[in-house]
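Me: Could you help me go through the charged side-chain pairs in this one?

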Amino acid sequence: MKARLYVLALSLGALSFPTMADSWFYGGASAGVSEYKHENALAHTFYLGTNIIPWIGIEGGYADFGRYKLEGGHVELDSVYGAIKPHVDFGPLELYAKGGVQSWVREGFDDTRIEDDDDLDSFWGIGANYSFMGPISLGLEYSNYKIGNDSVSMLNATASISLF
C-alpha cells in the first residue's frame with residue numbers, strides 16, 4: 001500500500017512541472033482551418049519530434065489540408081513534411097518557428113479542371129504552446145505550405161504530449 005502511495009505522489013509531482021523544454025520526444029495533433037486559392041477547408045495534422053539540443057528540435061508529420069470546391073469539382077491536398085524547429089521557453093510557454101521540406105499531393109475529383117499533381121516544396125510555421133499538467137501542452141500555430149505556384153495557409157489549435 002505504501003509503495004502505491006509513493007508511486008502516486010511521484011506521478012502527481014511529475015505532472016506539476018512543465019517538461020516540454022527538457023523532453024527528448026514529443027508528439028501531437030492539430031486541427032483548424034486552411035486556405036487554398038481563396039477557398040477554406042477543415043485541416044488537421046499529426047506530428048512527432050525530438051529536441052536534439054535544448055533549443056532546437058527536428059519534427060516530422062502529416063498534414064491533411066482538406067477538401068476544396070474549385071473549378072467545377074473538388075480538390076484534396078495533403079503533405080508529409082520534415083522540419084527544423086528552433087524554440088525558446090519562458091517557463092511553461094514555448095515560442096517556436098519551424099521550416100523544412102514537404103512532399104505534397106493534390107488530387108482532383110468530380111470533374112474539376114485542376115490536374116492531379118505532386119512535388120517537393122518548402123514550408124514554414126510559427127506558434128506557441130503552453131505546457132500544463134506536466135507533459136501536456138496546448139497551443140496555436142500558423143503555417144504556410146508552398147504548393148507549386150500557390151500556397152496553403154493553416155491556422156490550427158495544437159495538442160502535444162512530451163515523453164522522457
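Reply: What follows is a short walk through the salt bridges of this model. The model is predicted, so to speak only of what was computed, local features need pLDDT of at least 70 and side-chain atom pairs count only at pLDDT 80 or more, while totals for chains, interfaces and linings use all residues. Residues are numbered from 1 along each chain as its sequence is written, and side-chain values use heavy atoms, with hydrogens and water left out.

Me: How many salt bridges are there?
Reply: The count comes to 7 salt bridges, a salt bridge being a side-chain nitrogen of Lys or Arg within 4 Å of a carboxyl oxygen of Asp or Glu.

Me: What does Lys-98 pair with?
Reply: Lys-98 forms a salt bridge with Glu-59, at 2.6 Å from N to O. The two are 39 residues apart, with Lys-98 in strand S5 (residues 93–109) and Glu-59 in strand S3 (residues 56–70), where strands are DSSP runs of E with at least two residues, numbered from the N terminus.

Me: Are those two buried or exposed?
Reply: Both Lys-98 and Glu-59 are buried, that is, under 20% relative accessible area, whereas exposed means over 50% and partly exposed lies in between (1.4 Å probe, protein chains only).

Me: Which residues are in a network with them?
Reply: Salt bridges link Glu-59, Lys-85, Lys-98 and Glu-141 in a network.

Me: Switching to Arg-67, which salt bridge does it form with Asp-110?
Reply: The closest N and O atoms of Arg-67 and Asp-110 are 3.3 Å apart. This pair links distant parts of the chain, 43 residues apart, with Asp-110 in the loop between S5 and strand S6 (117–132).

Me: Why does Asp-110 count as partly exposed?
Reply: Because its relative accessible area is 46%.

Notes:
Helix = DSSP H or I, 4+ residues; strand = E, 2+ residues; numbered from the N terminus.
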